[in-house]
Amino acid sequence: MEAEATASQPLPAPVPVRMPDHGGGDPPTLLTVHGCWYPSADPTGERVAFICDRAGVPQLWSGPARGDEAHVLDGGPDPVIEVSWSPDGRWIAYTSAPGGGEHTRVLVVRPDGTGRRVLAGAEPGGSAHLGCWTRDGAALAVTVAQASGAGAEHTGAGHLLPDTVDGAPGAGAAPEPAWAERDGPAALLGGAAASPADRQRAVASPADRHRAVASPIDRHRAVAQRAHVPAPGPAHRGPAMGLPTVPDLTTVPDLGTVPDLTTVPGLGAVPDLGTVRSGGLAAYLIDPDGADAPAFLFAEEGAASLRVCDVSPQGRLALVRRGPRGRREALVLDTTSGRIAFALHVADGDPWIGRFSADARTLWLRSDAEREFAALLRVRLDEDGVCQDLSVAAEREASALDLLSVPDHGRWAHLAWNVHGAVELEGVGLPDAQDADGAVGPHHRPVLPHEVVTRISPAGGGGAFVALSGSRRRPGIWELADGFAPLRTGWSARDEDAAPPGRPPVRPVPLRCRSRDGLLLGGWYYRAPDHDAGRPAPCVIHLHGGPEEQERPVFNPLYHELLGRGLDVFAPDVRGSSGWGRSFVDADLGAGRFAAIDDVADCAAHVVELGYADPLRLGVMGRSYGGYLTMASLVWHPDLFRAGVAVCGMSDFASFFAGTEPWIAQSAAAKYGHPEHDRDLLRALSPMSRADQLRAPVLTVHGEHDTNVPPTESEQFVRAARERGVPAEQLTLRNEGHDFLRADNRRLYRRAAADWLERHLGAIAPPWESS
């Protein structure tokens, strides 16, 4: 049975707001140790806009490709998140986070630093997200969010999902009944007759799931047949943009890509996870010059995320990425009729999922549809955007395609492959639509000076600018040109400036270990420089967020601080992490969370067995979901760890669901359990339910404006620890949200965490236990 279309009214168009010019002046104090990332080149490839934290906060900068005289374009205090230079070279668009919180807004500025204005997100409580430019640079796609009444009391985060994986656990939209369709094992949540034990045993195999879900070709055909919008209404923009008129879409078609499944083989009825909505998202094309009114493109009620990734050269088709993490979809939208011509599951991770060819007859897409690892897909389209053929253009065994970059002309692409956390970069030629059997190639693989590529920006002449991070340097930007040899830009910090003199960064070694149920885990071990290789040392298990993040071999100032105090660091990927396949990501769903908690203990046991870590001086820490795992590990394995540092973590699912943003609460139900239907499971998974088991001293750290995971989650855990006589403190960082973006606050956090762990791991037994 196919779902009915969902009615939705488009949100009001954003009103641009002119801002004072900063004039491109440099800030008064510049840091030698700094990072540069997120490059976007101008059409000539001679200049690059980028994000840099030389002034202590991520700001918008610009510099020459082959020179060292970079200048700040927006010297304000609000952290900058994304950057995009217009194809015509007249504007630089960027996203900033006022106050360091979760609200974001989209701005534009001239390359000389003048004409700065907010295009969307300027209104109180509003939020906006950056999309693509049209190919002629006449308009910028922007997504705007509408705050729901339920979340009106919040003053921090908005209701637009940040498209990075470093957000709150399970961020996304309201889970739909078919959320369990994902490949890989997932525990069914909900159901009146199901006990927590029953739910823990109710796991579907990947084979069962594949039998229940149609193939990508069948799905996109079904969507194309049923996704129709009523007759066009009044146009929202005039013809001056050079794009076809977009209708007023008062009815949004069904956006699902699978049949309406009421049962899943082996699982029984799929639970109803609630109907509460969190407002909506709408996408517009906005003329930065203000000559034309914003043009409405697409809207969705209760959306988790919505980003316009590309508009075809003629403006007829738009590539839209939508959906919560784990259920992302690529939609090809016919802008003249509002029809969804094509839909396909796409991978999590980088939001820029694909691009149209110059003639719009081919769509290049980064997707893991019915695959363990994301690959490059070639989608052949007819003139209406309907798929005629779908094939794999490039893939690697056991490696996911992390990043895809295709320039406007579409003759070549850069592919970044994830190889156990590191990246291998590849340049390939792309065949045109007329070459029915054309293969991707030839292949060019540059030797990179550092391990991880975080962003790729095409440049003129077949080159590119790439943002690199490595275990021994701060983030920087390299140019790929002249035979594809990487050349560091003059304004990126030198490798030798990554850390203060006398304390060189440590290169980690990869480790693999088995969990108690046989699942193979990965991670990276950092050995403090002055430690005897054959002697066990105090060690901190550091847990990343997400849960779908992945530990990467990049320079981490926190690790550098801990290593300088004589503490080793093991940073594992427990189940639920990305980079190891979709089944690994799904292995922690629902009651699988108990096994993820045990993974932490198994990782600690592994480094003890190797002789690296001292079993009497183990610590645990992490941020976001890693903060939750830290608290959970301290109460599930109370005799294993001697101290913990929990950063922005959840301590009780009941209070988390009640206090977080509504759109986060709705999507978290698919990751952890429904707050009503699965109350017993969530109570059992909550660290607060076992607070009486806590024995190790704990420090919590939180941003005061965090509304993804409210600060009360840390406060109540600290209070519970103190009530039973366990040393506990909380550090609250001012003008920070869920992410710590200001240099002074990051430094304060690192030093406080290192002080705490050094104090409590320096002795064989904690001093408070011997009193």
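# A tour of the predicted model

Two strands pair if DSSP finds at least two bridges between them. Strands (E, at least two residues) and helices (H or I, at least four residues) are DSSP runs, numbered from the N terminus. Residues are numbered from 1 along each chain as its sequence is written, and side-chain values use heavy atoms, with hydrogens and water left out. The model is predicted: local features need pLDDT of at least 70 and side-chain atom pairs count only at pLDDT 80 or more, while totals for chains, interfaces and linings use all residues.

Now pick strand 32 (residues 473-481), which pairs with strand 33 in the antiparallel sense over four bridges. Select Glu479 to find Leu487 of strand 33 opposite.

Strand 28 (residues 422-429) is joined to strand 29 by two bridges, and the two run antiparallel. Opposite Gly427 stands His444 in strand 29.

Go to Leu365. Which residues touch the most other members of the largest nonpolar core? They are Leu60, Val83, Leu363 and Leu365, in a core of 54 residues. Strand 21 (residues 340-345) gives the most to this core, with five residues. A nonpolar core is a set of buried Ala, Val, Leu, Ile, Met, Phe, Trp, Tyr and Cys residues joined through side-chain atoms within 4.5 Å. Buried means under 20% relative accessible area, exposed over 50%, and partly exposed in between (1.4 Å probe, protein chains only). In soluble globular proteins, nonpolar side chains tend to be buried together.

Leaving aside neighbours within four places in sequence, Leu365 is in contact with residues including Leu319, Phe342, Leu344, Ile353 and Leu404. Contact means heavy atoms within 4.5 Å. A second, separate core has 51 residues, among them Cys603, Val635, Tyr672 and Ala728.

Pro572 lies in strand 37 (residues 568-573). Is Pro572 buried or exposed? Pro572 is buried, because its relative accessible area is 2%. Between Pro572 and His544 there are 8.1 Å in space, C-alpha to C-alpha, and the two are 28 residues apart in sequence.

Now select His34, in the loop between strand 2 (17-18) and strand 3 (36-41). With a relative accessible area of 6%, His34 is buried. Its side chain reaches the backbone oxygen of Trp491 at 3.3 Å. Leaving aside neighbours within four places in sequence, the contacts of His34 include Cys52, Asp53, Arg474 and Trp491.

The last stop is a helix pair. Helix 4 (residues 557-564) and helix 12 (residues 743-761) pack at an angle of about 35 degrees, with their axes 9 Å apart. Residues of helix 4 including Pro557 and Leu562 meet residues of helix 12 including Tyr749 and Leu757.

How values were computed:
A polar contact is a pair of N or O atoms within 3.5 Å; within protein, one must be able to donate a hydrogen and the other to accept it, and residues adjacent in sequence count only if both atoms are side-chain atoms. Axes are lines fitted to C-alpha atoms, for helices over the stretch in contact, and angles run from 0 to 180 degrees between N-to-C directions.
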